[in-house]
Amino acid sequence: MSLTPFLRLPLTDLTGCLINHQTYDKCGQFEMKMMDCLEAYGVERGKKQCADLIGDFQECVGMQKQLLRFHAMREERYKQWLKGERKREELFAEPPRVDAY
């Protein structure tokens, strides 16, 4: 993930704040903490000093670990089904009701 624009122009300075994650509940706090840290240390030094915050933000946005966990659990359920430890009906849990939100 690049922290600075490829070509820096006055237009990129004006429009850079339009695309962010502050309007979303999920990743807004991670982005704010990351940007505060980068502002305190600067971009180049902040890449090392704020690496854990940058990693947390990237995980929140990309969900790589969450998807790997999902795939591992699904593969384990299929293996159990193929071995006969789990019935076809018990392969996955029942979905929630439509109005369960």
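This is a predicted model: local features need pLDDT of at least 70, side-chain atom pairs count only at pLDDT 80 or more; totals for chains, interfaces and linings use all residues.
Residues are numbered from 1 along each chain as its sequence is written, and side-chain values use heavy atoms, with hydrogens and water left out.

Close-up 1. Helices (H or I, at least four residues) and strands (E, at least two) are DSSP runs, numbered from the N terminus. K33 has a relative accessible area of 49%, so it is partly exposed. For this label, buried means under 20% relative accessible area, exposed over 50%, and partly exposed in between, using a 1.4 Å probe and protein chains only. From K33, look across to L53: their C-alpha atoms are separated by 7.0 Å, although the two residues are 20 residues apart along the chain. Q29 is exposed, with a relative accessible area of 57%. Its C-alpha lies 8.8 Å from that of F57, and the pair is 28 residues apart in sequence.

**Close-up 2. Helix α2 (residues 28–41) packs with helix α4 (residues 51–62).** Two packed helices are described by the angle between their axes and the distance between the axes. Here the angle is about 150° and the axes are 9 Å apart. Axes are lines fitted to C-alpha atoms, for helices over the stretch in contact, and angles run from 0 to 180 degrees between N-to-C directions. That angle makes α2 roughly antiparallel to α4. The naming goes like this: angles under 35 degrees count as roughly parallel, over 145 as roughly antiparallel, 65 to 115 as roughly perpendicular, and the rest as oblique.

Who makes the contact (heavy atoms within 4.5 Å)? From α2 come F30, E31, K33, M34, C37 and L38, and from α4 come L53, I54, D56, F57 and C60. Sorted by class, this contact of α2 with α4 has 8 nonpolar, no polar and 3 charged residues. In this sorting, Ala, Val, Leu, Ile, Met, Phe, Trp, Tyr, Cys and Pro count as nonpolar, Asp, Glu, Lys and Arg as charged, and the others, Gly among them, as polar.

**Close-up 3. G55 lies in helix α4.** With 31% relative accessibility, G55 counts as partly exposed. The C-alpha atoms of G55 and M34 are 9.2 Å apart in space, and the two residues are 21 residues apart in sequence.

**Close-up 4. Helix α4 crosses helix α5 (residues 64–83).** How closely do the axes of α4 and α5 come, and at what angle do they cross? They come within 6 Å and cross at roughly 50°. This makes α4 oblique to α5. Q58, E59 and G62 of α4 meet Q64, K65, Q66 and L67 of α5 in the contact. By class, the residues of this contact divide into 1 nonpolar, 4 polar and 2 charged.

**Close-up 5. M63 is found in the loop between α4 and α5.** Its relative accessible area is 27%, so M63 is partly exposed. Now check the backbone: phi of M63 is near 55°, a positive value in a residue other than glycine. As background, most residues other than glycine have a negative phi.

**Close-up 6. Q80 has its place in helix α5.** Is Q80 buried or exposed? At 19% relative accessibility, Q80 counts as buried. Leaving aside its neighbours within four places in sequence, Q80 is in contact with E85 and R86.

**Close-up 7. The structure holds 2 salt bridges.** A salt bridge is a side-chain nitrogen of Lys or Arg within 4 Å of a carboxyl oxygen of Asp or Glu. One of them joins E44 and K47, with the closest N and O atoms 3.9 Å apart. These two residues are 3 residues apart in helix α3 (residues 43–49), so they are separated by about one helical turn. E44 counts as exposed at 60% relative accessibility, whereas K47, at 42%, counts as partly exposed.

The side chains of R97 and D99 also meet in a salt bridge, at 3.1 Å from N to O. R97 is exposed, with a relative accessible area of 60%, and D99 is exposed too, at 55%.

Terms used:
Contact means heavy atoms within 4.5 Å.
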